[in-house]
Structure formats: C-alpha cells, structure tokens
2 protein chains.
Amino acid sequence: MLRSIRTSIATVSISGTLPEKLKAIKAAGFDGVEIFENDLLYFDGTPADVRRMCADLGLEIYLFQPFRDFDGVSAERLAKNVERAKRKFELMHELGTDRILVCSNVSPDTIRDDALIVDQLGTLAKIAGEAGVIVAYEALAWGRYVNSYKHAWKLVDAVDHPNLGLALDTFHTLSIRDSVDEIASIPGERIAFVQIADAPVLAMDVLEWSRHYRCFPGQGAFDVAGFTARVLESGYKGPLSLEIFNDGFRAAPTAITAADGHRSLRYLEEQTRALMGAMGKEVPPELFNPPAPPEHIGFQFLEFAVDDSTRELLARWLGRLGFRLAGKHRSKDVALYRHGAGSIVLNAEADSFASAFFQKHGLSLCASAFHVDDAKLAFERAAAYGSQPFSGRVGPNERVVPGVQSPDGSLDYFVDEAKGGPTLWESDFILTDIDGPYEVGPLSRIDHVCLSLPADALDTWVLFFRSAFGFETEPAVLVPDPYGLVRSRAVRSRDGSVRIALNASVDRYTAVAESLSTYRGSGLNHVAFSTPDIFAAIPRLEADGVKFLRIPRNYYDDLVARFGLPDEQIDQMREHNILYDRDERGGEFFHAYTEQLDQRFFLEVIERRGGYDGYGAANAAVRLAAHAQQQQRARQAA
Amino acid sequence: MLRSIRTSIATVSISGTLPEKLKAIKAAGFDGVEIFENDLLYFDGTPADVRRMCADLGLEIYLFQPFRDFDGVSAERLAKNVERAKRKFELMHELGTDRILVCSNVSPDTIRDDALIVDQLGTLAKIAGEAGVIVAYEALAWGRYVNSYKHAWKLVDAVDHPNLGLALDTFHTLSIRDSVDEIASIPGERIAFVQIADAPVLAMDVLEWSRHYRCFPGQGAFDVAGFTARVLESGYKGPLSLEIFNDGFRAAPTAITAADGHRSLRYLEEQTRALMGAMGKEVPPELFNPPAPPEHIGFQFLEFAVDDSTRELLARWLGRLGFRLAGKHRSKDVALYRHGAGSIVLNAEADSFASAFFQKHGLSLCASAFHVDDAKLAFERAAAYGSQPFSGRVGPNERVVPGVQSPDGSLDYFVDEAKGGPTLWESDFILTDIDGPYEVGPLSRIDHVCLSLPADALDTWVLFFRSAFGFETEPAVLVPDPYGLVRSRAVRSRDGSVRIALNASVDRYTAVAESLSTYRGSGLNHVAFSTPDIFAAIPRLEADGVKFLRIPRNYYDDLVARFGLPDEQIDQMREHNILYDRDERGGEFFHAYTEQLDQRFFLEVIERRGGYDGYGAANAAVRLAAHAQQQQRARQAA
C-alpha cells in the first residue's frame, strides 16, 4: 500500500482532558501528536504515563512544545535558559519524543543581533545534540526581532548544526502576507517541523487573531495549499501537524473536532495535489487522492420524516404549492410528491431510519438526495473523507441508493440515472400517473435549501460539504435577528445547481432557546423554489391558499429611496410581500417567504434576473423580524 | 423637585421587536429614545403608529438615525442626496421627531474639500430649516475625510446655521484617543446631540470594535466621565443617549439590558459629578447624586438555602473546617455557624425566600450579608440605583436588615453594628455559647467569594456592583477550561475587605451544559478563606477530614523551572496540593482547593504574602482541569 503523508495535531487544538484528547485523536485517524506543555501540566500522571498512553493507542509523539524566549538574551539569562532547556530535554526523554519547538523571543529586552542569536542557537543545538534532541526553531509573527521564516532560516542555516532545524507554520507566514516561494528552496531535511492552520481574514491584532481565531484548512481564507506545495517541493518528508487555537474548538465536542481536523488535512492534500499539478511540479505520490467530486445536476428529492398527522399537514401544504401525489413506494410507507423538477418524499415507514429521526426531531428533513453524474464515485469520495456510509432496507428489484450521514445524522443520498435504464422512481415506486402533468403550479425547481445549525457546528458543516462533496463556499455574512445574530455561509456545487445556505445562531441566548424548544436538532430552516415569473406566481399561490409572510410597509418606502424602482412595481411588490435586492452588476433578486409550517420551517419563492447569484442576505433581517412578529401575533391570538 | 438630566437610548442597543424595545426602555426609566432606522423598517406598522406608541408610553423621540454619506459628494450625487433627505424629513414628521443624525461620509469617493462640504452641509441645513428639522452632524472615527469631532465642529461652525449642530459620540472620540478638552469650549447650544458608549480596550479595526463590542458606561475602559464633564461644561442641556452596538446585548433579555442601560447613565452622572468637583468646575445640580458608597468592613455572613438533608451535609463539611454551631434563630429554622471572622447561616425555614430559592436552585448561596459602616445609607444607595428592595418576616425585637436583590435573585444584606447596642447575632439568635471559642480552626476570614454566571450576565453583575455597591473592578482574564473558556472579572470594595470574583463560561457548549445540569442558576462557585499559615492549616484540615483537590505532579516540576523555589518548599506544596503564584513586585500567593461538595461548590484556603493582591488566575486552568479529572474519576468509580 502507498505510504501516506503522516498526519498530526497539537493537543491544544481540541477540548477535553489529555486522555480524552489522545483517544479522540487516534480515533480520527491521526498518526501522531504534538504534546502542548499545558496539557501535560494539567494531566494527573507522569510524562511516562503519557508515553505509555500514546504507545498503547499507537500514536507517535512528534513534538513537545512550546519553549519560549531562549534566543537574543543576555549571558546571564542564557545560562538560566540552558538550565531550563536541559530540564525540558529530560522531560522529553520520559515523554518519548526527540523534537521540541523553540519560538523566537517576544520579550521587549530581545537583543537585535544576528551574530549573538546564531551563537546562542548554536549553544542550544550543541546541548540538544548531547541529549539526542532536535530543536525546531520557529519565527512567531509577533516575535520581537525574528518574525519571518526567512529570518529564522538565515539563522538556522548559519548555525549549521544537525540538531537545529527550521519550524514552519502557515499562520505565522500567511497572517503577515509573507511570500511563500522561498520555502521551496530550503533543503527539506533542514525543515524540522511543519504546522498547519487556516484562519478567516480579520482586521485585528495578529497575536489575538492567532490565539483565538485559527481554524482548520478549508474553513478559513488562507492559501494553505500554496504554502504546503512549497513545503513538499522542498523535499520535506515529515508530518503535517495542525496547531489550532480556537475558542470554539476549545468548547466543541472532542471527537467531532478531531475528526474534522483529520478530514481537513486530507482535504489540504487534495488541494495541494491539484495545485502542484497545475504548477507543473512533481506531485508526491503519497498525497491523498480521492475520487474527483461528481458533476451535480441538482436536488433529486428532499425527504421528510413524518407520522400520520404531520404527513397530512405537509401533504396539504404541498398541494397548495402545486405538488401532486405521484407515487407510492413499492415496499415502504413512503409517498412521492412532484412538481416540476422538485420532488418531495414523505417517509412514515415504521421501524426505519425515518421513524427514529421523527421520534428524535419531530417533523423534519431526514434526507436530501443529490442528482449526480456518477453516484458510486460520489459516494466513494464522501466515504474516503470519512463520512459514515448508510444503507437502509431494500426490497426486491429496488435500487440500492448509496448514502452517507450528514453531521447532524440526517442522510445524503447520491442518485444517477443510466441512459435508457429505469429511473429511481420507476424502480422503487408504483407511479400513479407516470406521464402525469406535474407542471401544474408556478414553481420550477429547488434553488437552494437553508439549514439551521447550532453555532459551534457551522465549521464542521462547511468542511463536510467542501471535502466530501467538493462544494465551493461563499464568505460568511452576519444577520441581525430581533433576539440575536445569525451567521450565514452558503456552499454550492461548482455549477451552482445545488446550493445550501448554512445558518447558525451565534449567541448563547438564541442558541439555548433553539436547542431547548423549536429547534430540536432539526436542520431545515427553509426550501427556496425558483419561478420564472414571481409576479404571476405569488398571486396564483395566494389564490391556492398559500399564506405569505407579511413584510412591513416601511420596507417598501425605504426601497423607493434606495433603488428608485418604478411606482407600479413597488406597488405590486408591496401588495404581494415581495422583497428585492440588486447586485453591483445590476442583477436582480425578487423573493417572498411563506409563513412557517408547524413553527418548524417555511418556503421561499424566488426569481433571479440578470445573473444575480446571491440569496438576498440584505433582506434576511427583515424576514427574521417579520417571522418574530408573526409568532408574537400568533401567541397573542392564542 | 430638581430636574434630572434627560436619559435616552438608541433602539439598536437592545434585543426584541420595536414594541418590546420601547416598553422595556420606558420601564427602565428612560425619558426618550433614538429610533434606529432598521427598527422602523422591520416594524409592521406606520411611523405614525410608532409615534403613538411612544406618546402612549410617555417616551420622547429625541432622534432619528442614521443618515449616511450626504457630504463631500459630486453635484449629481448631491441632488439625489437632497431628495433622499427630504423623504426622510417627511418620515420624521410622521414619526414626530425633529432631529436627525447625519454621519460623515465613509465612501472612497469622498471629496476631501472643506469648502465643498461646508457648502453641501449648508444646503442640507437650509432644507432642514424649511422642514423644521435639526441636523446633528457626526464625525465617524472611520469617516473617509471627516473623522474627528474637531473637524466636524470646524465645518458646522463655518456653516453657521441654526438647523445644523454638532453630534458628539464618546466612542468616535475615545476610540481614536482624541483629546476631549476642546469640547468644553464649543457653545453648548451648537451641540445638537450627545451619544454615550463605553468599550473594552481591544486591538482591532475600529469599525469592527464599534459595531460589535461597545458596552454601557461602567462596563468598559473608556474615560466616559471625562468626556461627559466637558460636554456639560460646554453648557449642553440636551439628553445623554446610549448608542450601543453589542452582539451580546442583541441576544440578551430586553428588560434586563434596558435596566442596565439606565443604571449605567446614572452611574456616569455620579462619576461625572465627582470629576467636575475634583476639577473645580461648577457641577450642574441636576446630575444624579446618590448616597456615597458605604465603608465596607467585610462579609458579615453567607447564607445557604438548605433542606434537612443538605443542611446535615453542609454542617458536617463546615465542622471539618472548624466551624461550630453558634446559635439558632429566635423565630426561624435558621442556624448560625461561626469560625473566626467567618459566619455561615443555614436557612431551612419553610415558606420563606430561602425555601423558594432552594426549590429552584437546590443547595445554594441564597444571600450574602455585608458588614458596613451605615446599613441604611448603603441600602438607599442600592435602591437609588434601581435595585429591588427585599424585606422578609421579622419576629418581635429582631432586627430589620435592609436588603436588595442581586441580578440572579439572591439577596444582598447590609448590616451595621451600633456601638454598645446588641449585635445582629444577639438580636436575632439564641446563641449557644456566647463567648465560645470560635477560633478553633486554622481559617481566619472570608477573603473572597467566586460566583459562576451565565456568559451574558457578566456585564450586568459588574455594573450592579459598581453602581449599587460603589465597588471597583479589575480587568477581565480569560482562563481555559478543558471544555471551554471562562471569563473572570473581580470586583472589590475600595478597602479590599470584600472581594467577589465573577466567572462566566463564554462558550455555548459549556453554557448550555451548565444551564441544563449542575449549574441550575445557583451562583456560588467557591468561597476562599484566608489563613495566616497555609503550611500549618492544610495538614490540620486534612487531619480533620477535609479532602483537598489533587494537583498534577507535573505542575510542581514546572514550578521549579519557573520560580526556582527551594526544594523543601516545593516538596511540602506537592505533598499538600498547594498552588503558587508570584506577582511582579515579589508578592506571593499560596492556595489550595477542596474537592467539590455535592458537585456544586468548593472552598479555597489561601495565604497572601508581601502584598499579593490577585487571585492566582495563573493557576485557574490547573484547578479547572483537576476538578474535571476528579469528576471523571468519580464517574468511572460509579
């Protein structure tokens, strides 16, 4: 079997006690760890106990860290630092690791003298040699004097000792927008360690940014693949090790964060492989190489877990929207509703995945099915990224639909249609009206789905869709709710045929309220259907009994001031509660929301014009306030 | 009655729908509001409806805001801006307010030409005059060209029109460290509006800082009183209006935030009064003037709500610590335990405040009593700051102890002792051994109490202690917990005899866990008792059966490397699980923690040497990890 790139993570990156961390790190698939000194200090056992725990789990200890403020000091301080280093080297022997991270000095007293620092690092390398230890010297972005990898390399190169190498860290280089090109020309064997972190772009002090806002590759905005490509080009053969300081990760469930971390490194490898190929560089064969993302064609269907009473409620609601009962499943208590290119499945099968989901979450979206060019490859890619495969009961001659679990435990199915073969509906359903006029209403297709998530799950979901699905992400936006804030980030297939908006309440108050009451872990916030003519669609749906959310009149007065739309159009929009957005290139977005069904979710009807590519985020706050007022009126009426 | 300074708040500062906000603002005692335009847009009613709501409540609408990017524009844009302004002036008539905030232009296209801007603001003033509107022109700290109040005033002064005045905002001035002295020399009648916000010092982009991290005066670090003193010196007679953009406030309960806001303005007035007096300025008589804070002498007692079984548990625990049963209450099922200067009251009285508190929170701290020089004045001050008075049943000849409610509903009593009169204990208790040897154990007094709070309550508590008690605050520190982060901020009486550390879990995960399980709203985290000799005290307490929290051995190995303490001392500390900290001036702190009682709270035994004035925050993470490991061992054993 092909050797893989070795993966590692610093213990500081995840929550829990040290034994909990190590178990989760092993379970996630990492080869080794960096032991962060505080985790050792807080652990009620000896360094030898930690060594045994790691050995029992089969985890290497690649590094012990950090050792601070060694270099650029007075002779008196140097003597103390040498003593301190010797103590730590002894501890490392007990711990069973031969590598230590030494960070450049941050003290205001740092002596800014390369010759002195070379001399002092030489002293450190010498005692490290005697102790059989390798020192990895790292330039912190906020180092007092040494603060770039180029400077650190110049010093390490000048010391020229086998027990002193360079430590590289994506954050310290990319946060200061330093160029990465020179990394490729450093001899790979002189790079003693490589740490990996991504981060969102934030206009803040670099130390605070580093200590609280790092994230896994694929969750932020740094060109981590560009950095990693140069590292591999240098000939570096060591592990890639995540070192993440993130307030959210410190509080998130240990196992989930560790699994995300491992997935993110594999994703980084795939990105790096593609980039090195595009750069015409030799691609290291051990880089992770999953099946390419499938071509997406759109949503195949959305599946709701229902019982008898909620099935009736939802079926009535779908009927008003123009959906028609199109078939019954051959072997299960499952009904298919269709309308244009939109298909909805209502699953009431007893003792099934859906019934378990219903018991836990109530009326909820229990599965999404994606129409792709090759379902088997799509599934294999998701599985390669560690997604949990799912297979339900399949009746005779029914199709086996490959599926995986989403982070919330709902399912994602992949469906393809062989040319000339029976469709999924033909295989599995007794269709009531096979050529039936499904185009009976004004809706054409599912434009996007919006999911409500707990705040600490947003990064997990983003990484899931990026890695397992190969989706692209859009920047996050922050939307004020009357009772908090919502952070929203959209993911989409490359062709835009599948779009999913991920909404997370970022405040404790709303988050707790959600987890305790209406939320119940059910992810669906709303489904948006596109229509070719919203001004025709809404009146028709209203006539069919669909109740749309009333938008405050003041909103329309402000629209006039902002966009100068024709009075007649504004009048129509006001009458039918249609919202409006316009992008910089003149693309237009018209949309309307229904009232909530069973206080769970709602529908959106949208029309995009002129290439508008967003989701009307500018109007999300109006909608949140209007839904809140609707609920207040409902409570007052009750 | 003396006229008060008029108080106001921008609707954006608190959570909720517009009607909820206005009701809470009135209930908190404000005279008026700034209507933030988005709140109007999201409100499902007309501007005239808002006018009526405010009139019915008795709230003035002092200001409508914001109007953006009017000034420093092309002639073409100016024509559009004039139209936009006229529309908003019409809306203001409907709304019933004559004042609008116009912010300096932030557009990259802003024309940097004072003469042009004076001309354009003159045009605006003219149409404002025709519409009967006053424009308050504000320099945003991130304004493209106009970004200081001095520049804005130069422009307003040059326009010299009665319908154009200057808007001042503490944030835009103090965030850029601009001097405030020149404010005093601006004619007060030319200051059209004054907005007030405080903020913590953060090294980040000023726009992000402003939009997400503002807080009420007394919660942050700005010299808001220095600013306000200059405003009043100028002769300004208008309202002081809070304008707070804070992610936490957006999610916090509306009524509590509004009440905090009003309290914070009154606190600012008291601070400003003191400052103007110290500066030798004429103090406006209408400034809020509550009774001065009392002299604190220490904790009088801590009172726990108990039932029969938890009383026994706690009494046994207190016995091991050296507390003795000192008396029974004359008319209630309340017992007094004493030890040195520490007194603990166990309240099991049926149908009382304590029994209601016990039903809600279980075994918990239901009241704290503070020994002060003048209990009546202390109570009057707290009541003047809007604290809810409390009086329980009082038996014949028993003392009426004035008390108020804390933010969590527990009680704070104020107790004084008249010279020669009966003590509180003598009045209310049948003392079992009036001269009894209470000094039987090694503890001397209550050094501090640490309370656990929900994350969004920290600012409320800080303001409560600063205003109602006149306490001082220390900077917040962030402590890593194995499962999240804890933000800790200490408050203390000026003499340091009463200290209270406020700990808030800042992450959703720990916050939810707390609110659902062990926390149950009970505030006490631990009580710290001081001892004159911790190396004598701990062995004695251990011998008496007190179980101390085991500290990891690795902690002591690191102490050696960090502080170079004598081996013998380290050995003693290791043996008795004593932690250590040293401050910059050489002051030393020795402390040990007990295991948790009933998984609720624990005790700390401390010894301060050489003027050490902190709380050993450096060791809090070790303690949190050790408690977590203790709980894991307990679960594994169970």
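This is a predicted model: local features need pLDDT of at least 70, side-chain atom pairs count only at pLDDT 80 or more; totals for chains, interfaces and linings use all residues.
## Salt bridges in and between the chains

Let's begin with Asp613(B), which is partly exposed at a relative accessible area of 34%. Side chains of opposite charge can pair when their charged atoms come close. Here is a friendly tour of some of these pairs.

**The partner of Asp613(B)**
- Asp613(B) forms a salt bridge with Arg499(B), and 2.8 Å separates the closest N and O atoms.

**Across the two chains**
- Lys88(B) and Asp558(A) meet through their side chains in a salt bridge, at 3.1 Å from N to O.
- This pair joins two chains, because Lys88(B) is part of helix H4 (residues 75-95) of chain B and Asp558(A) is part of helix H19 (residues 553-563) of chain A.
- Both Lys88(B) and Asp558(A) are buried.
- A network of salt bridges links Glu37(A) and Lys88(A) with Asp558(B) and Arg562(B).

**A pair within chain B**
- The side chains of Asp98(B) and Arg99(B) form a salt bridge, with an N to O distance of 3.9 Å.
- Asp98(B) is partly exposed, at 36% relative accessibility.
- Arg99(B) is also partly exposed, at 22% relative accessibility.

Notes. Residues are numbered from 1 along each chain as its sequence is written. Chains are lettered from A and ligands numbered from 1 in the order in which they are written. Side-chain values use heavy atoms; hydrogens and water are left out. A salt bridge is a side-chain nitrogen of Lys or Arg within 4 Å of a carboxyl oxygen of Asp or Glu. Helices (H or I, at least four residues) and strands (E, at least two) are DSSP runs, numbered from the N terminus. Buried means under 20% relative accessible area, exposed over 50%, partly exposed in between (1.4 Å probe, protein chains only).
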